[in-house]
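Subject: Structure handover

Hello,

Here is the structure we talked about handing over. My notes follow below it.

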Amino acid sequence: MLAAVGSLAVLGATLGTLLGIAARYLRVDENPLEAEIEALLPGSQCGQCGYAGCKQAASALVSGEAKPTMCPPGGRETAAAIAAKLGVTVDLSGAEEMEPEIAFINEDICIGCMRCFQECTTDAIVGAPKQMHTVIGEVCHGCGKCVEVCPTEAVEMRPVPVTLASWHWHKPVSRMVH
Amino acid sequence: MQEILLLLIGTALVNNVVLVKFLGLCPFMGTSNKVDTAIGMGMATTFVMTLSSVLAWGIETFLLVPLDLAFLRTITFILVIAAVVQFTEMVVRKISPALYQTLGVYLPLITTNCAILGVALLNVQEGHTFVQSLLYGFGSAAGFTLILVIFAGLRERVALAEVPAAFEGAPIGFIVAGLLSLAFMGFAGISAK
């Protein structure tokens, strides 16, 4: 019993130490800026910027291949935050102020084909085959991928409805503090 | 010398891990879409399999047998394999970031590749010596790599062929794998004796 526990513990500790040493020698230096930029992006891997995911987009931003305004779901706020982090000036007047939008499914036309369901990166669409689908508004992050795949054009982007819970005073000046 | 050659050919072709023993089918189907990926995966698996069979032999001979702990064999082997895979992941990440990206989730999944544990356990079962374990591990891995590359080449061609709709994708892949396995049955005739 003691020999079994002891030998496993010793083996585990030895292998762990060796791996720790190996990790030190084989460390890959990643740009810490990339991780910070990635944290500013929405992180839903929607791919609208043309890169495979937010990590790839972040490295493109750091290397200067992409402009801070490249992230459609992030909108103006994210663009400003990225520009501030990278220390570049960005012309935000070009980036139109997009109203936050979420997907909406017109349930009369939905045929229940499941295409939008499969496309959704945040699992915001509920439904089953041959049953109509609908969108859970709180989960939808407005990437618009479902709009493209819908064969009956039942999905559209609509501005987030203003309810008593979501209404707020408009800010006098939009300050980009992040 | 002849014995070494026989052991290598025997493990790589006659008793191929994938097509005759049916071990390691997950990476066989998963990473065989492109020849480049298949070669990378084969290299990584070869490294892990050879190293882990040698380490497993060492642990079996110097730790488990003297202390009479044979019942701990499976768990210690898994521990060793997991450590070797972690190490391989670090090496691949350092040497070839592109390969690291392509292999993606399949690299850590080498840990659960049953071919590797299978080869380590078969070594013990057949009472191999150090050199035999090394050759057995390397031979099996070479066989795995060979099959993976051949299969990836076949699948690249099948992807261009006109396949009936019902068989598109994975199903035709499985049929191709079955035919390949049949072909390898032919090597059974040249086994050691």
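One point at the start of a helix first: a side-chain oxygen of B:N113 comes to within 3.0 Å of the backbone nitrogen of B:A115, where α6(B) begins. Please keep in mind throughout that this is a predicted model.

Helix α6 of chain B

The helix covers residues 114-125 of chain B, 12 residues in all, and spans 16 Å from first C-alpha to last, close to the 16 Å expected at 1.5 Å a residue. Its buried residues are B:A115, B:I116, B:G118, B:V119, B:A120, B:L122, B:N123 and B:V124. The cover over these buried residues includes α3, α4 and α7 (130-158) of chain B. Just after α6(B), B:G127 has a positive phi of about 60 degrees.

Salt bridges

Over all chains, a search of the whole structure gives 3 salt bridges.

- A:K85 and A:E36 pair through their side chains at 2.9 Å, N to O. A:K85 sits in helix α4 (residues 75-86) of chain A and A:E36 in helix α2 (residues 32-40) of chain A, so the pair ties together parts 49 residues apart in sequence. A:K85 is partly exposed at 39% relative accessibility, and A:E36 is partly exposed at 38%.
- A:E156 and A:R158 meet at 2.6 Å, N to O. A:E156 counts as partly exposed, at 31% relative accessibility, and A:R158 also counts as partly exposed, at 34%.
- B:E60 and B:R73 form a salt bridge in which the closest N and O atoms are 2.9 Å apart. B:E60 has 10% relative accessibility, so it counts as buried, whereas B:R73 at 23% counts as partly exposed.

Interface of chain B and chain A

The contact involves 18 residues from chain B and 15 residues from chain A. Together the two chains bury about 1,400 Å², and 83% of that is on carbon and sulfur atoms. On the side of chain B that touches chain A, α3 (35-64) and α4 (73-95) of chain B each supply at least two residues. The most comes from α4(B), with 11 residues. By type, the residues on that side of chain B are 13 nonpolar, 3 polar and 2 charged.

Regards

Key
Residues are numbered from 1 along each chain as its sequence is written. Chains are lettered from A and ligands numbered from 1 in the order in which they are written. This is a predicted model: local features need pLDDT of at least 70, side-chain atom pairs count only at pLDDT 80 or more; totals for chains, interfaces and linings use all residues. Side-chain values use heavy atoms; hydrogens and water are left out. Contact means heavy atoms within 4.5 Å. Buried area is the accessible area (1.4 Å probe) that two parts lose on being put together, summed over both. Helices (H or I, at least four residues) and strands (E, at least two) are DSSP runs, numbered from the N terminus. Ala, Val, Leu, Ile, Met, Phe, Trp, Tyr, Cys and Pro count as nonpolar, Asp, Glu, Lys and Arg as charged, and the others, Gly among them, as polar. The expected span of a helix is 1.5 Å times one less than its number of residues. Buried means under 20% relative accessible area, exposed over 50%, partly exposed in between (1.4 Å probe, protein chains only). A polar contact is a pair of N or O atoms within 3.5 Å; within protein, one must be able to donate a hydrogen and the other to accept it, and residues adjacent in sequence count only if both atoms are side-chain atoms. A salt bridge is a side-chain nitrogen of Lys or Arg within 4 Å of a carboxyl oxygen of Asp or Glu.
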